[in-house]
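These are my notebook entries on a structure that I had not examined before. I looked up its strand pairing, its nonpolar cores and one of its helices.

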Amino acid sequence: MMNDPEKSDSPIVAVKPPNNPGRTGAAAVEPRGGAKGITNENRTTRTPSRTRVLQGLERVRERAKAHRKERFTALLHHVDVDLLSRAYFRLKKDAAPGIDGLTWEEYGKDLEVRLKDLHGRVHRGAYRAQPSRRQFIPKPDGKQRPLGIAAIEDKIVQRAVVEVLNAIYEADFKGFSYGFRPKRGQHQALDALATGIIRTPVNWIIDADIRAFFDSVNHDWLMRFIEHRVGDVRLLRLIRKWLTAGVMLNGEVLPTSTGTPQGAVISPLLANIYLHYVYDLWADRWRHRTARGRVIMVRYADDTVVGFQHLADATRFLAELRERLETFSLSLHPDKTRCIEFGRYAIRDRGMRGLRRPETFNFLGFTHICGRSRQGAFLLNRRSRRDKLRATVRAVRDGLRRRINCTIPQQGEWLQRVVRGFNQYHGVPTNCSSLQVFRQSVIKAWLWTLRRRSQRQRTTWARMFGIAERWLPLARVLHPWPERRFAANHPRWEPGA
């Protein structure tokens, strides 16, 4: 008589069916007992808390997409220890420390205890944001850009809050906004701009830049914009703490009544939220209701390029944009904002009026030029900006001076990473000449460094070319044509393509 499996307390035994069961005398396989400690309970994931966080944020994302005007009043509970841990490991390991002096590695020595303590302080309101450490970095034009380096705990909490807020705002942001968004980057913005210029009747381009945007953000307007979607008082209080934490310069803490510190983890998202309400919604409505011709738009952070079919639309848009920005404490940079004739028919139209070739404009490190292919068709040429290229070459020379006593393989490994990184970003079609110029400039700088190491042995050009062939990657186009990649990433059958 067989035992009832539901009433038996013995462990389950797995029995494999006999080999060739259809044949007479087939031998049954020896039964195998279950592994020790394994029961009939459903298996769970190794990190159930992490799964719950991701599922919770996914529900927030779906809710935000389905209800575009709903306010979320309970969000801070998503910031748990597991999300803080994920935020910690997503930070840059070699980033400079803030005023606390703690580096990424030092904070991670007792990570679990520190994160539990941080989580408790955040949820009971005892967390205090620390001032950012002010540091200046040189710009290609000779000026200096101020950066705010936050403390390690501020970075962790900000990264976790960014992940929660992204679940809401990724459903709201417009498609022509590319700066500092998940699964979007600079080359996608460049592809969208190039495709718009090539495939639409764009004849005029407005290259607009907001003057000192990150230093001019109005805190009251920003909080009002955030409150459109976020109703969690504790999360709003956190954001307000980061905005008013101040900066430390020469040992003195300076208060901040406007702006968001460049370099802070949460600053790019706050900038996108601010510009979403100040610029994106207004510009999208303007091109659909006011413009008489075709309009294309691409925005990356505070840099925006708008293409128009008619000059009247471009002139009116620029005038109304100035008024719109002044309402929210912003202004356009007078030297970096221009309206130029640019597009598929710009060369022909200007030639008929006896004018020179169309002007060029810069966007995301590239100079955009109206050109022609060998067959005479319109060709959008993109070249690396000369000032950016020269600044990179100067940085390479400074790096070689610091490594003048290193061996050739050590110098070669470093230069190999530099040249490869330059090619990976600037290796777009029509830019091969800039890649060759940069590689040749690196070879010259390297030769100068090797000759400075000794007065007796002078490295010849023949030996230098051999060394460069061994270590420096060749100039090579690594990106496809922009309109092809844009079409692949945005098929026409997709909604809103």
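**Entry 1: terms and model.** I count two strands as paired if DSSP finds at least two bridges between them. Helices (H or I, at least four residues) and strands (E, at least two) are DSSP runs, numbered from the N terminus. The model is predicted, so I noted that local features need pLDDT of at least 70 and side-chain atom pairs count only at pLDDT 80 or more, whereas totals for chains, interfaces and linings use all residues. Residues are numbered from 1 along each chain as its sequence is written, and side-chain values use heavy atoms, with hydrogens and water left out.

**Entry 2: the sheet.** I followed an open sheet of 4 strands with mixed pairing, in the order β4-β3-β6-β7. At its edges I found β4 (144–149) and β7 (252–254), each of which pairs on one side only.

I then went through the pairs. Strand β6 (residues 247–249) runs antiparallel to β7, and 3 bridges join them; here Leu249 is opposite Glu252 of β7. Strand β3 (residues 132–138) pairs with β6 in the parallel sense over 2 bridges, and Ser132 has Val247 in β6 as its bridge partner. Between β3 and β4, which run antiparallel, I noted 6 bridges, with Phe136 opposite Pro146 of β4.

**Entry 3: the cores.** I use "nonpolar core" for a set of buried Ala, Val, Leu, Ile, Met, Phe, Trp, Tyr and Cys residues joined through side-chain atoms within 4.5 Å. Buried means under 20% relative accessible area, exposed over 50% and partly exposed in between (1.4 Å probe, protein chains only).

The largest core holds 78 residues, of which Ile156, Ile226 and Phe317 touch the most other members. Helix α10 (residues 267–289) gives this core its largest share, 12 residues. Taking contact as heavy atoms within 4.5 Å, I listed Tyr169, Leu236, Ile239, Leu270 and Ile273 as touching Ile226, with residues up to four places away in sequence not counted. A second, separate core has 26 residues, among them Ile197, Val298, Ile347 and Tyr425.

**Entry 4: helix α16.** Which residues of helix α16 (residues 461–471) are buried? I found Met464, Ile467, Ala468 and Trp471. They lie on the same side of α16 because they cover an arc of only 100° around the axis, the arc being that of the directions from the helix axis to the C-beta atoms. On the other side of α16, I noted Ala462, Glu469 and Arg470 as exposed. The cover over the buried residues of α16 includes α14 (408–426) and α15 (432–452).
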